[in-house]
Each structure stands twice: as structure tokens, then as C-alpha cells.
Amino acid sequence: MNCIKIETTDLNLYYGNYHALKAVTMDIRADAVTALIGPSGCGKSTFLKTINRMNDLIQGVRITGRVCLDGEEIYAPGVDVTTLRRRVGMVFQQPNPFPMSIYDNIAYGPRVHGEKNKNRLDEIVERSLRRAAIWEETKDRLKKPAPGLSGGQQQRLCIARALAVEPEVLLLDEPTSALDPVSSLRIEELLLQLKKSYTIVIVTHNMQQAVRISDDTAFFLAGTVVEWGRTGQFFSRPRDRKTMDYIAGRYG
Amino acid sequence: MDIGIHGVRQTAHNTPQGRLGLSVTEKRSHTQRIETAAEAIFTLCACCMVFAVGSITLYMIANGIPAIYKLGAREILFSSVWKPTAADPSFGILYVILTSVAGTVLAIFLGVPVALLTAVFLTEAAPRPLAAVVRPAIELLAGIPSVVYGLLGMLVLNPLVYRLEQWVFRGSQTHQFTGGANLLSAVLVLAIMILPTVISVSETALRAVPEQLRASSMALGASRIQTIFQIILPAARPGIVTAVVLGVGRAVGEAMAVNLVSGGCVNVPLPFCSVRFLTTAIVSEMGYAEGLHRQALFTIGLVLFGFIMLVNILLHKILREEKG
Ligand SMILES: Nc1ncnc2c1ncn2[C@@H]1O[C@H](COP(=O)(O)OP(=O)(O)O)[C@@H](O)[C@H]1O
Ligand SMILES: [Mg+2]
């Protein structure tokens, strides 16, 4: 039994007047993969971004309710967002390496957090690239520009970049939907490796992917969580009618 | 010539027109003729442009060369004495060249940082109402005729610079006071004049940086300032380089405003010296120049033209390198 890493209670989010998340109450277990599924526009990305407070960057966002990381309320006054984002890393849909070398991409995070020692940085870069299963492909070209890598390699590089600041949680927003099937599978294998030491939350459009890699699944619909639970049970014995319909492909 | 597994070649339709009654070799349709005509017009316009550039280049060379031929490249380009109307005339334009180079470089050093920070402010920090005031103001700045900049420079800048000059050279016996009409004033005016170009081009470049790069940086725990200086500005580099080069082009070629505020003596380009630029030499002397003097002014024009060409070639090179 893994303990609870993230806990949301009655979480509501408004983009101006638009009510995008409605009373979301849900647990995310530590060292497990939680998949968020649901039709486009139902609030999966929005929910994901509440966990590392990326919504703070958007004007006119209002949030009520609680999000707790290891029991600590992350929207409480006095929370250091920098530290929070360090503990909760994020990978986006489009692979987006910074326009600099592979090495500098990985070293960027540690550097902005004050790491200057060359040997320490070398170590971090190698360790992060190894963890993201891309060391073998990049070790001879660390000084080459990262945008020269293939799409799948770029995405693993982005995962390595997120790992370089030693996060505890990794949020991934449809990380494979811009990739070819082979690259997607490699990312999935990687995530299965990583869940041994990281809490992973992944938004996916692909239900097979959710089945393959996740321990828990949550189904979002129009800003609410319809149902969440163990992936096996979720897909074999859904409790809610709407979940059943979605699994059967009756929603977009 | 067998095709297919059975080695028998079959044609589905025996008429050459196929099922729809259309032959691929049929006469070109009406739309295709319009396409051809449009293409011809575009080509013609493009050729006109090439012709214009080519003839300007030829004309400048043809008129700039005679003085060099008569006086020698050393005598005109590397001598510093410019006395075109003396009994024993001398046509050295070295100081004039140096003034244009120094004036441009200083204006860039002064103007570009201000412009970049303004662009960053507009894209990253400005609250919407403020940006809505600043942006049109900058566009207006771009639309003001250069002679107006010159007039304002005379009225506002020259007196201020003169005061500074009096303070710096107080008690000096040797300094030739310029009344504020000197290189410093010209540099300040040029720095202001390049602002709109550099701001708007680099603002466009900053806006073109994918939102996700910013988000990724912030998601790693970087601050906004770190994100701007370490991710956004480097990502916008090609556009910013373009902006700077356009600024250089504008500064090198500016004549009217500079003519009004820079004094006009041929001099070493020092901040408090009255100076003459490549452009202002032509503007102020062409009215009465004749003979060799006139030809020497064309040579100055050729040098100016060369500078502009150089700047553009440089721009092309940099942009190509950034891409490759
Ligand atoms: N920055 C924003 N401003 C206003 N509305 C937004 C913004 N981002 C998302 N939304 C709206 O919130 C809803 C949920 O969006 P999102 O979380 O991106 O959905 P999903 O990731 O499930 O496709 C959508 O209806 C979307 O239009
Ligand atoms: Mg989404």
C-alpha cells in the first residue's frame, strides 16, 4: 500500500467567470502512476497545473479548496512556489528543449537553484540522462544543440531535465501524443521504471496507455471527477454509468 | 514491359480520356492560364527590384570611382585633411568615415540596451493598460520625420549638452567650445531614433518565443527574471540580431537630424567635438560643390553605400548561421 502523496479537497478553479474545475476531491498515491482521462476540454490539464501552481501564471485564475502535498497545503500563504515546483516537476505535450546544448538543458534547473560546481553539474547531468534512458544516445554529443534530437529523444530529454532538480512528483501532460508509436512505448517503459521512485501523474488521451502504465485512473468530465480508483477495477467494473459510456467510446 | 503478377498488362479504359472524359494531355484550362499570367507578373516585379538594386550599385560605383582614380585611394580614404575649396585642395575623408563609425557604434551601445529592456517590459511585465499607451507611443516615434528629431535636438539636447560641456571643460584654454553641437548630441539623437525599430523588431521576436519554453522554465522553479534572461532572450536571439542590424542601418544612413545637431566641422570623433558624418558631408556640401569636390562627395556616397551593403551581408550571414 502506497501512502497518499497529493490530496485535493473540494478544489474549484475559475478562469474569470468560467468554472473549469468543480469540487474535485481526489487522492494521488506516492510511487504510483495516476492516469487522468476524459474528453478534451474537461479540465485534465487544468487539474494537473493546480498541483505545481502553474495556473499562477495565468491572469484571472481563482482557486478555492485545498491541495496538499505530503499533508502541506500548497496554496497557503507563505508557500515558496519555487520550492514547490522543484518538488513537483512537469513535462508538456510538445517536446520543448531549450535552444541550447543538451548539457545546458539538463543543467539549467540545478543552475537556477544555485548549483555552480562543475563536477556536481556533470554528475547531475549524467545521472538525469541515465534515469531518463537517454544517456547512451547523448553522451557523445552533450555539447550539441538539443533541438537537433528526434522528437522522442527530445521528450526523454525533457523528462531528464525535469528529473535534474530531484523532484518527488512528475506531472506529464499527454507526453506521448506528439510522438510516433515506437517513441511512445519507450516513454511508457521509462515511466514504469520511474514510478519506483517518483509519484507520477499523467494526462492521456489513450485509454490503452492508461491501462498499460497506470495504477490508478481518474475520469474527468466537464470539470468534475466522475470516478477514480484502481485502474484494474476502473476499467473492468466502472461504478458510474458515464464512465462505462466513456470506456465504451461513447464520448468524444 | 510486364506489370502485375500475371505478367499481363491491362488498361482499365480504352479511351485516352479515362472514365471522367478528361485527358491529362488536354489543353490547359482557363485557371491554369491565369496562374501562368500571374506568375509572369510576379517574376517581372521581382526582376524590376533586382534591376533597381543593380543599377543603383553600378551608378554609385561609376560616380564614386573617378575621385579615387584621380587622387588615389590612400589620399582620399586614409588622409584626414578635408579642404575641398582651398587653393591647394585636399580631400581626405578619414575623419568623416571614423565619425560615422564611432557615432553609429556609440548610438547602438546606448540605444540597444534601452530598446531591449523596453521590449522585454512590453512583452513580459507591462500591465495591459500601460502597454496600450507605450506601444502606440513607440509607433508614433517611428513615424516622426527625422528632421523633427533634429529640430528638437537643437532646441532641447544641444543646450543640455552645452551645459555638460561647460562643466567638463571648465577652465580649459584649449577646448573649442561647440555650444552643444557635437558628436555627443548626434549620438544621443541617433540612439533615440533607432529605438522604435529595435523595440518593435525585438518585441516581435520575443513574442514569437513559444509559450511552452517559458512554462518549462517556470516549471523547473526558475524565477521570471531568470526565465527572461536565460531562456526567452537567448531564444529570441536571431530576431534581436536582426533588430540591432536594422538599427545600425538606420543610424549609419541618418542625415537630416544629425546634420542639425552635430556642428559640422571635420574633426576627430570625440564626444565634445563638432563633427561631420558621411551623410552630413554630402548633404551640406553638395549644393555648392563642383569638379573634383563633387566627385569626392560621390566617393563619400560610395563609402556609405558600402557600409550599408556590409551591414546587410552581415545580417544574412548571421541569420543563415543561426538556422544551420
Ligand atoms: N487560460 C485559460 N483561460 C480560459 N479558459 C481556459 C484556459 N485554459 C483552459 N481553459 C478552459 O478550461 C477548460 C479545461 O481546459 P483544459 O484543462 O485544458 O482541458 P483538457 O486538458 O482536459 O483538454 C476548457 O474548456 C478550456 O477552454
Ligand atoms: Mg489538455
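Two strands count as paired if DSSP finds at least two bridges between them, and helices (H or I, at least four residues) and strands (E, at least two) are DSSP runs numbered from the N terminus. With those terms in hand, 6 strands of chain A make up an open sheet in the order 6-7-8-3-9-10, with mixed pairing. Strand 6 (88-91) and strand 10 (224-230) of chain A sit at the edges with a single partner strand each, so one side of each has no neighbour in the sheet. On average, neighbouring strands here are turned by 15° against each other, direction ignored; axes are lines fitted to C-alpha atoms, for helices over the stretch in contact, and angles run from 0 to 180 degrees between N-to-C directions.

A quick word on the ground rules: this is a predicted model, where local features need pLDDT of at least 70 and side-chain atom pairs count only at pLDDT 80 or more, while totals for chains, interfaces and linings use all residues. Residues are numbered from 1 along each chain as its sequence is written, chains are lettered from A and ligands numbered from 1 in the order in which they are written, and side-chain values use heavy atoms, with hydrogens and water left out.

Strand 9 (residues 216-221) of chain A runs antiparallel to strand 10 of chain A, and the two are joined over 6 bridges. Within that pair, T217(A) faces G229(A) of strand 10. Helix 1 of chain A lies across strand 3 (33-37), strand 6, strand 7 (169-173), strand 8 (199-203) and strand 9 of chain A, and makes an angle of about 155° with strand 7 of chain A; contact here means heavy atoms within 4.5 Å.

Helix 1 (residues 44-51) of chain A also lies across strand 1 (4-15) and strand 2 of chain A, this time at about 60° to strand 2 of chain A. Those two strands belong to an open sheet of 4 strands in chain A, ordered 2-1-4-5 and antiparallel in its pairing. At its edges stand strand 2 (18-29) and strand 5 (72-73) of chain A, each with a single partner strand, so one side of each is left without a neighbour in the sheet. Strand 1 of chain A and strand 4 of chain A are antiparallel and share 8 bridges, with L13(A) bridged to I63(A) in strand 4. Strand 4 (residues 61-69) of chain A then pairs with strand 5 of chain A, again antiparallel, over 2 bridges. In strand 5 of chain A, E72(A) is the bridge partner of L69(A) and E73(A) that of C68(A). The hairpin of strands 4 and 5 of chain A has 2 residues between the strands, and D70(A) takes a positive phi near 50° there.

Next comes helix 4 (residues 118-131) of chain A. Its 14 residues reach 20 Å from the first C-alpha to the last, close to the 20 Å expected at 1.5 Å a residue; the expected span is 1.5 Å times one less than the number of residues. Buried residues (under 20% relative accessible area; exposed is over 50%, partly exposed in between; 1.4 Å probe, protein chains only) of helix 4 of chain A are L121(A), I124(A), V125(A), S128(A) and L129(A). They cover an arc of only 120° around the axis, which puts them on the same side of helix 4 of chain A; the arc is that of the directions from the helix axis to the C-beta atoms. Their cover includes helix 3 (102-112), helix 5 (135-138) and helix 6 (151-163) of chain A. Just past helix 4 of chain A, A133(A) has a positive phi of about 55°.

In chain B, T104(B) is part of helix 3 (residues 94-125) and is buried, at a relative accessible area of 6%. Beyond neighbours within four places in sequence, T104(B) contacts V248(B), A251(B) and V252(B). N158(B), in helix 5 (residues 146-168) of chain B, is buried too, at 7%. Setting aside neighbours within four places, its contacts include G179(B), L260(B) and V261(B). G249(B), in helix 9 (residues 237-253) of chain B, is partly exposed at 22%. G249(B) touches I308(B) and V311(B), residues up to four places away not counted.
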